[in-house]
Amino acid sequence: ILKMKRFFYIFILSVFLSACLDTGPDNNPYRDYTHTLTVCPEYPSDFPSEDKSLVTLMITDRNRSTTYTCKADENGNFKVSLPDGSYRLSISYKYNEKVLGGLLDRVILSGKDNNVKLGLAISVSGSIVFKELYFGGCTKYPLQGTYQSDSYVILHNNTSEIQYLDSLCFGTCDPYRSIATNVWNNTDYAHAAQAIWQIGGNGSTFPLKPGEDAVIVVYGAINHQSMYPQSVDLNKSDYFVCYNSSFFPNTNYHPTPGNNIKQDHILNVVIKIGKANAFTFSYKSPATIIFKCPNGTTIQDYLQQEGSVIQKPGFSDKIVLVPNEWIIDGVEVFEKSGKNTKRLDSKVDASAIDFSGPFYGHTIYRKTDENSSTIYGFEVLQDTNNSADDMYEREIQSLHN
């Protein structure tokens, strides 16, 4: 028994150490059976050449869920020794209030070296960002079964100035799940599905102060926690709500809002383009966006223009094309196991955040930038337009009491 225990502890220690070791070429525990992966990023022409050696490559082993980092050489390229496997490569580098980012998924090392190119794009951090996405539901404990009618997102003012939520649009992108067939190859737009929701107001009705949050209830503006203790109370007076019984009459997901919900906090359905009787916000892997039309344009006017709403190739569904430059923030979620495909352009989200699965009460949550928060005196969230870097899977909803 003592020998078995000793073997068990040695095994656990070896697994822990192997997960912590750097796999870079100068400190590689797998040197005897690795192959060389060479990554040549395609830098935009206006990216400062002197910054290339400062860029870091994040490498995620898709099978082992282990993440490594690698520094660029003087030309901005990367060379690293890795064991055979399937890898996700991502870059996120912040400079001069801009963000350089890109993603390449399912890079295979199998019995030989591999050379790949990684496309990069430059974007600007959002003024309002997604702080939290809760979409996976929870258990009905102490009852049997699972529950997924209690979804919400939290927005955060990440600037030192008041931002107004008036006319802000919210939507989810096609395809519904990250592992579904993706028919789109036009990366200049996000492909919004099912419906576009919009907060009302006259331009200054809904101010959001620096560091403040705003909750948008996607499913069920009621107190779910009174029925299911693992859920949340979404019947709060300052919460915004996706609710329209004419377009989405399914009361399992869209019950009549609770008594604390204000009428002017119920979002408008600008357009419904799907056929579902409930807003189909994925409970496994959504890609979601917030956006505003530029000054002088309204979403209503835009939707009247030819080419703004198109037919999805091979399907009866229609899609709204949302120009990338209108998007304030977007977050892409991947299913931890499966063949995922990007839906948001790298300018919106350079990579994606893995989600382990539904019904645990887990959420996708943004990290805090502790240094900036100290400097500015309010909560500043990390925003490099790379959700694999900026966000993590949280074990309990922040709104859970």
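**Fold, confidence and selected residues of a predicted chain**

P142 is located in the loop that runs between β10 (138–139) and β11 (146–147); helices (H or I, at least four residues) and strands (E, at least two) are DSSP runs, numbered from the N terminus. The peptide bond that joins Y141 and P142 is cis, with omega about 10°. A further cis peptide bond leads from D174 to P175, where omega is near 0°. P175 belongs to the loop between β14 (169–173) and β15 (189–198).

The structure is a predicted model, in which local features need pLDDT of at least 70 and side-chain atom pairs count only at pLDDT 80 or more, while totals for chains, interfaces and linings use all residues. Residues are numbered from 1 along each chain as its sequence is written, and side-chain values use heavy atoms, with hydrogens and water left out. The pLDDT, which is the predictor's confidence in each residue on a scale from 0 to 100, averages 90 over the chain, and 92% of the residues score at least 70. Over residues 2–26 the pLDDT is below 50, and this stretch has 20 contacts in the model beyond near neighbours in sequence; contact means heavy atoms within 4.5 Å. Where pLDDT is low, the predicted coordinates should not be read in detail.

The secondary structure of the chain consists of 4 helices and 26 strands. The radius of gyration of the chain is 22 Å, close to the 21 Å given by the globule rule for 401 residues, so the chain is as compact as a globular protein of that length. This radius is taken over C-alpha atoms, and the globule rule is 2.2 Å times the number of residues to the power 0.38. The C-alpha trace spans about 65 × 60 × 50 Å along its principal axes. Of the contacts between residues at least 6 apart in sequence, 72% join residues at least 24 apart.

Of the 401 residues, 52% count as buried; buried means under 20% relative accessible area, exposed over 50%, and partly exposed in between (1.4 Å probe, protein chains only). The accessible surface of the chain is about 19000 Å², and 48% of this surface belongs to carbon and sulfur atoms. Accessible areas come from the Shrake-Rupley method with a 1.4 Å probe; for residues, only the protein chains shown count as cover.

S231 is found in the loop between β17 (213–217) and β18 (240–241). With a relative accessible area of 0%, S231 is buried. Residues up to four places away in sequence aside, S231 touches C138, Y147, D150, H224, Q225, Q397 and H400. E395, in the segment after β26 (391–394), counts as exposed because its relative accessibility is 65%. With the same exclusion of residues up to four places away, E395 touches Y360, G361 and H362. E395 and P249 are 146 residues apart in sequence, and their C-alpha atoms are 31 Å apart in space.

Positive phi values occur in residues other than glycine. Q194, in strand β15, has a phi near 70° and counts as buried at 12% relative accessibility. N385 has a positive phi of about 55° although it is not a glycine. N385 lies in the loop between α3 (370–376) and α4 (387–390), and its relative accessible area of 6% makes N385 buried.
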